[in-house]
Each structure stands twice: as C-alpha cells, then as structure tokens.
Amino acid sequence: HHPQDEAWESEAAQTLRRVFGYASFRQGQQEIIEHVVGGGDALVLMPTGGGKSLCYQIPALVRQGVGVVVSPLIALMQDQVDALTALGVRAGFLNSTQDFDERAAVESAFLAGELDLLYLAPERLRVETTLRLLDRGKISLFAIDEAHCVAQWGHDFRPDYLALSTLHERWPDVPRIALTATATPATHAEIASRLNLGQARHFVASFDRPNIQYRIEPKNEPRRQLLRLIRTEHPGDAGIVYCLSRSSVEKIAEFLTDNGVQALPYHAGLDARTRAENQARFLREDGLVMVATIAFGMGIDKPDVRFVAHLDLPKSVEGYYQETGRAGRDGLPSTAWLAYGLQDVVQQRKLIDTSEGDDTHRRRLGTHLEAMLALCETVQCRRVRLLDYFGQRGEPCGNCDTCLSPPEAWDGTVAAQKVLSTVFRLVRERRQKFGAGQIVDILLGRRTPKVLQHNHDSLTVFGIGTEFGEAEWRGVVRQLLAQGLLTVEGDYGTLLLTEASSEVLGRRRQVMMRRQPQPQRQTRTETEG
Ligand code: ADP
Ligand code: ZN
C-alpha cells in the first residue's frame, strides 16, 4: 500500500468512503458507476439488497447537476431522503403527498442548484409544469428505479413508466440508468425497448449468493427441527425465522425463549412501538433471533444474519430468494433452511382459492406456488434451480443439501399409480372428496372410524400400499402435487386429479421421485472430510 494510492483513488471511490462510509464497492457497482459518471446509459439488473441505490447516487454526486430519480415507492421517499440528509447529501422529493409550500421549497432548492438528488413519483414527469421545471435546472442523470414497472401488464405505474421513454428526446445529453431486481431475460429486453435504452450498456449481476447454504427438508416436528438447527449449527447466532401467521410467530418466539434461545416476535399485528423496539434490538444486539412474518425485512440491513429459517412454505421463488437473501450479507457462511410439508401446500392452495382478485391473478399465484414446490422437490442442485428460475446459469454448487447428500431418484410410477387410483376411486366412482390423510389410511389398510364409516375398506385399493409407511406416502403425495399430477382444493385439502394424472394412470408416463436422505448435519467441513 503506497501513500500515493490515496491520491489516485477515483472520485467515485472517495465518495463511497467519505459520504457513505463504505470501504469498497460491491460486485458490479464500480463498473456501473464509472460508466454512468462517464455519461453512458445503463440498464442494471441486480438482486434486491445488491446495492442498486449507490449505482445512481454516487454518479449523481460526482457529476454536475441534480440526479433525478424516478421511483414508484412514494411511501419510501421520505425515508430515503432522510437517510441521505443524515449523510450530508442534499436530497428532496416531489410527490402527491406534499402541500403547495413543501413543493415550492423543493422546487426552489432545485433551481438554486442546492440539491444533489431529486426523487420524483413517475406521474410527475407527465405533468408539463414538472418538465418545464426540470428544463430550468441542471440535471446530472435520470435514474429509473423499479424499471420492470414498464414491462408488466396491469401494473399500476405502467402508463407513467411508458411516458419515460421520451426523456432522452427532451434531454439527449443526460445519461439514464434504469434499475431492476426482476431478472427474466424477457423483462430485460422489454425494459430496454420500452425505455428506448437500445444504446445502453447492460449490467447483469449474478443472482448467486455462494456463501448461503440452501437446505429444504420435510417438516416432521418443526419445532424440534428448528431447535436442532439453532443448537447444533447456529448457537448464539443472529437469525430470522419466518412463519406464515401472526399466531405462529408468537408461539415460536415463546418456544425458542423457553428453550434458551433469545428470540423476539415481529408481525403487523404488534403495535408500532413494539415493532420498532424489536427491530432496533435485532439490529443492535448480537445473537438475537427474530421470529417474523414476511412483514419483517424490507430495507433491513444487518450484515451478520447467520441463518434464515422458514417454518412455512414461501409463496413464490422470488419471495424465498428475497427472504433467504437477508442471510450472510457480510459474505460469511450462512444457512437458508426451509421445512415444508403437505399441509403447507393445502394451506397455500386454500389461500389462493380464497384470495381477492380475478382468475388471472389466482392462476398467477398458482404458478408461483408450483415453481416453489418444484424447487422443494428437485433432485438437482438447489442453486442451479434457483439461478435457472432467474434466467441465469449455474454449476452444481457443493453447498446445498442436494449437492452435499444427493437424494436418490427412484421410479415412483407404481406408487404414484396407487395414490392416483385411490383418488380416482373416491372422486370419480363415489363422488367423494377426501384429503391426504384418508388416502394414506386407505393405502395402508387402516380400519379407522372414518374409513369404516365410508366403507372405504371395501375399495379394491384398500391396503395396497403396505410397502411404505405413513411418512413415505405423504412424501409421495407431496411430490405428486409438486409435479402437477395431483391438485388440492378447499378447506379440507381435498385431493383431485389433474389432466396429467391420466397419463400416469394410463401407464403412459413414468414418475421419478426424490428419496429424502436421512437427516444429518451438513456442513462444508464435513464433506471436505
Ligand atoms: P437494492 O436497492 O439493490 O435492494 P440497496 O441499494 O438498498 O439495495 O443496498 C442494500 C444495502 O447494502 C444498503 O444498506 C446499502 O447501504 C448497502 N450497500 C450498498 N453498497 C454497499 C457497499 N459497497 N458496501 C457496503 N454496503 C453497501
Ligand atoms: Zn448445490
């Protein structure tokens, strides 16, 4: 390290250190920042939490003039501006929540050249007075945040975003940087064409988080499983445990506390003060476990979260990725652990069936759930599947459960046929609807009161599944759901056949399944011997 290195440090790197207090750029940031500082257009694709904001904030500070940031997140503007102000950056915003005086104050600061960053709601740029205001000041760049809004049909902000395509006609010399965390190549291409960013350089950050170990296991005794994870692998570590409902958040937090793990609850049903207090303690103190609904985590930046555990199935792969992504921001080894069971599928289906919105919306939710299930039941590397979902390529990683102890794939065709024909007998022949519990009892030949009451012991399929135990059969049902060979509906989790079921019943389709390896500790050091 030579003393003159300091002098040669770029203006961008100096700003990073002096203004934001960070020692070094994250992966991808420097290239993007230098490109925009140099006046180039950019399309930036980076996962949530990857550090997109600095990619326009630093160029805005380095370049002459005011950086104009278009963001649909009006509710966050005040927070963003406050955070910047605290760092000594001169920032303001214009949106519909302000009164005349507030707006006038920001406008005159802009005209006087007293702003570094000006945040605008997208609809502002369709108002001629705003455009004329911008004409009278000096603009250093346009940043278009959440740029996927331009590409999504039915999105609230889409018309406003489409109007942004004309920015470069009015201000041809002002560089534009569009940013998004939505990664599919199709969205990417649409953003580029809709925003007239044909000349822009594309920066696609990897969505891989190599230090996170992904593990997904069947939910047997969730509390014991969670406690085992914490005690054997993460004693004294900070972590987040996600649950679906407020009541399970409360119960799990209490359970952990009773078992000597320092845990706090967080959900939208707690009063604002408790929430703020718990969040502040989690950020400040070491080794606290936050038990929370997904209401927790947006904008939380705690670098040393060592594990994220899901006790319920996330609704989508995007959600799973974002929530698990809160682990290991510091780059040190961390765990993303999920326990899920048949009941999760039943519950999620029920939520979808009863959700508000039209059929298209419900179908979309269904597709999200199916993708999540496919990730859970894959015999491939979890990371490869996860990256593939975001349109990126990966190699088997050696740091996920399927890489560390590969599940055996087995030919489950006969087992599938047994389950499906039992469902067929009940649904088609008897016009009855039952959930997985009854199907399994029939397969195992159990004469339970409910089996006897419905005469199910007289079915030809009664007792044809004694080669497996209850857990295995539930696993088979789960995988049939994940593969779309069975579906579930209603309050009681009724199992129903799908179009694809008949291919299996008609012996036209083979069904490969995943045999769950015996639970064991999985750490990198163990596999290295
Ligand atoms: P995104 O908008 O991509 O979701 P943010 O811009 O909000 O992500 O950044 C996420 C967090 O990472 C923020 O707290 C930010 O301050 C922090 N961060 C960004 N870049 C760096 C860096 N180079 N060094 C340390 N922390 C950073
Ligand atoms: Zn892997």
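A: Happy to! One term to start with: a residue is buried if 20 or more other C-beta atoms lie within 10 Å of its own, exposed if 12 or fewer, and partly exposed in between, with C-beta atoms placed from the backbone. This is a predicted model, where local features need pLDDT of at least 70, side-chain atom pairs count only at pLDDT 80 or more, and totals for chains, interfaces and linings use all residues. Residues are numbered from 1 along each chain as its sequence is written, while chains are lettered from A and ligands numbered from 1 in the order in which they are written.

Q: Okay, is Glu 146 buried or exposed?

A: Glu 146 counts as buried because it has 20 C-beta neighbours inside 10 Å. It also has a positive phi of about 50 degrees, although it is not a glycine.

Q: What about Asn 455, buried or exposed?

A: Asn 455 is exposed, with 10 other C-beta atoms within 10 Å. Its phi is positive too, near 65 degrees, and it lies in the loop between helix H21 (449-453) and helix H22 (470-482).

Q: New topic: why is strand S13 called largely enclosed?

A: Because 7 of the 7 residues of S13 (residues 334-340) are buried, the rest of the structure largely encloses it. Both faces are covered: one side has Ser 334, Ala 336, Leu 338 and Tyr 340, and the other has Thr 335, Trp 337 and Ala 339.

Q: Which strands pair with S13?

A: Strand S8 (residues 212-218) runs parallel to S13 and is joined to it by 7 bridges. Strand S12 (residues 307-310) also pairs with S13 in the parallel sense, over 4 bridges. Two strands pair if DSSP finds at least two bridges between them.

Q: Which residue in S13 is the bridge partner of Phe 307?

A: That's Thr 335. Pro 218, meanwhile, stands opposite Tyr 340 in S13.

Q: Last one: how many residues surround ligand 1?

A: There are 13, and the closest are Tyr 22, Gly 51, Lys 52, Ser 53 and Asp 301. A residue is near a molecule if its C-beta atom, placed from the backbone, lies within 6 Å of it. Helix H4 (residues 52-62) gives the largest share of the shell, 3 residues.

How values were computed
Helix = DSSP H or I, 4+ residues; strand = E, 2+ residues; numbered from the N terminus.
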